[in-house]
Amino acid sequence: MDNNYQLTKEFIKRPDTGEISEISSLLEENSLTFDDDIEETLLIKIDSIPAATGSISGNVLKCIAVKNEFKNRNLTGHLLTDLVNREYQKGNTDLFLFTKPDNRTIFSQLGFFPVYEIKDNVILMENNPSGLDTYIEKLKKESEKYSGIKGKRSSIVVNCNPVTNGHLYLIEKAASESDLLHLFVVSEDRSVFPFETRYRLVREATEHIKNLVLHTGSYYIISNSTFPSYFIKDSKKIVTLHAQLDLGIFSERIAPALGITERVAGDEPLCPVTSNYNRMMNEILPPRGINFRIIKRLESEGDVVSASRVRKLLIERDFKSIRRIVPSATYNFLTSEEGEKIIDILKKGKK
Amino acid sequence: MKIVKTGIAGTLESSDVMITVRSNSGKGIEIHLQSIVEKQFGKQIRLVVDSFLKTLSVDDAVVQINDRGALDCTIEARLAAALYRGADRTDYDWEKI
């Protein structure tokens, strides 16, 4: 083998059309496609020939491929070193990647550990050898002061973008029908309202519920925006695999650790993605010992109370209508200076 | 030396090692070793890491070592860099390291 080759590496933030075609053709060779939520892409060239590529999106490494003729030169090692270092520079130290189970060994040798695998389809790996265990320990600690409460432990996962009376109705009802309610707020920061805000408003709005323990969703409550679509062609299959992965971790690791035996969700007449997810929960959870229950959503003036309705009213600046469907914590936030900033973002997004 | 955040040093290239240290307050030292020469040198690598952690008085840390055949001196250098980064310190004790 000729060892006198020249290797160049470059991080690309906004690839031009030439670079996109170079990256895409590398990916296509490995039956991958270029995802649209990518922040930066690393392209390695050998003697000016595109040889390997990898990208980052939040704390997820994705779209990793090495050209066939350049395999066995540890280019994956090169890629991972630079991608991991880039993430650390950005302050992301807990990293994840989704890949095909066949690649498990390659990434294991490069410092990634399996979190959960769906046979023949997808494996989630993380760079922290005990990431999930540490999260579960944290959940147990948060629940410690409720350990005296015996009986039924239920759970809800919410995004609350932002929290409305609809959410509150669901949470109050589930709490009143169980002995302890574990409430998880999705921490993935891909919503208009940043996680810190969503979490704070939920905490304020639920303070009066005594048998409720609040948790951050962490990376292990996987939102569908994180789940990659790039190596699974069939869009129906993406939904199924995402649900299997997310609910697999929830029902096999998180729920048993906390003694959770029920999961509750609001019915979903509007959003097809969420209603599909509810159907998946109904299929996946009960066989694993977790009862699944749908609660009918709160309606007002002939329409369900939802966060998307609040966002729509915000753009119209209809604070009078908003006041009727959100708790005071949310209303106070929306009418504050910080709230104005969110309205600006929403308005820009609408254009 | 107290590890307060995640520190990383090194690369995954041949003859190098990538070391990540994480805080583990009050729970002692936890070492995760992965090496292409683990069968031959696994024991030696652990010895080097253990004694270096003692030299720098690190009591609590999760140390993740991804070795691609690095020499002992490389392992020590990478470990020192990762530990100082994890401790958020730059007052290197050159006599010890």
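**Strands, crossover and chain contact**

Author: Gladly: strand S4 (residues 60-66) of chain A and strand S5 (residues 96-99) of chain A pair in the parallel sense over two bridges. This is a predicted model, where local features need pLDDT of at least 70, side-chain atom pairs count only at pLDDT 80 or more, and totals for chains, interfaces and linings use all residues. Residues are numbered from 1 along each chain as its sequence is written, while chains are lettered from A and ligands numbered from 1 in the order in which they are written.

Reader: Why do S4(A) and S5(A) count as paired?

Author: Two strands pair if DSSP finds at least two bridges between them, and S4(A) and S5(A) have two bridges, so they pair. In S5(A), A:Leu97 is the bridge partner of A:Leu61. From S4(A) the chain crosses through helix H2 (residues 75-89) of chain A to S5(A), a β-α-β crossover that is right-handed.

Reader: What makes a crossover right-handed?

Author: With the strands pointing away from the viewer, the path from the first strand over the helix to the second runs clockwise. Helices (H or I, at least four residues) and strands (E, at least two) are DSSP runs, numbered from the N terminus.

Reader: How does S5(A) pair with strand S7 (residues 122-126) of chain A?

Author: In the antiparallel sense, over four bridges; A:Phe96 has A:Glu126 as its bridge partner in S7(A).

Reader: How many residues of chain B are in contact with chain A?

Author: Eleven, meeting eleven residues of chain A; contact means that C-beta atoms, placed from the backbone, lie within 7 Å.

Key. Two residues are in contact if their C-beta atoms, placed from the backbone, lie within 7 Å.
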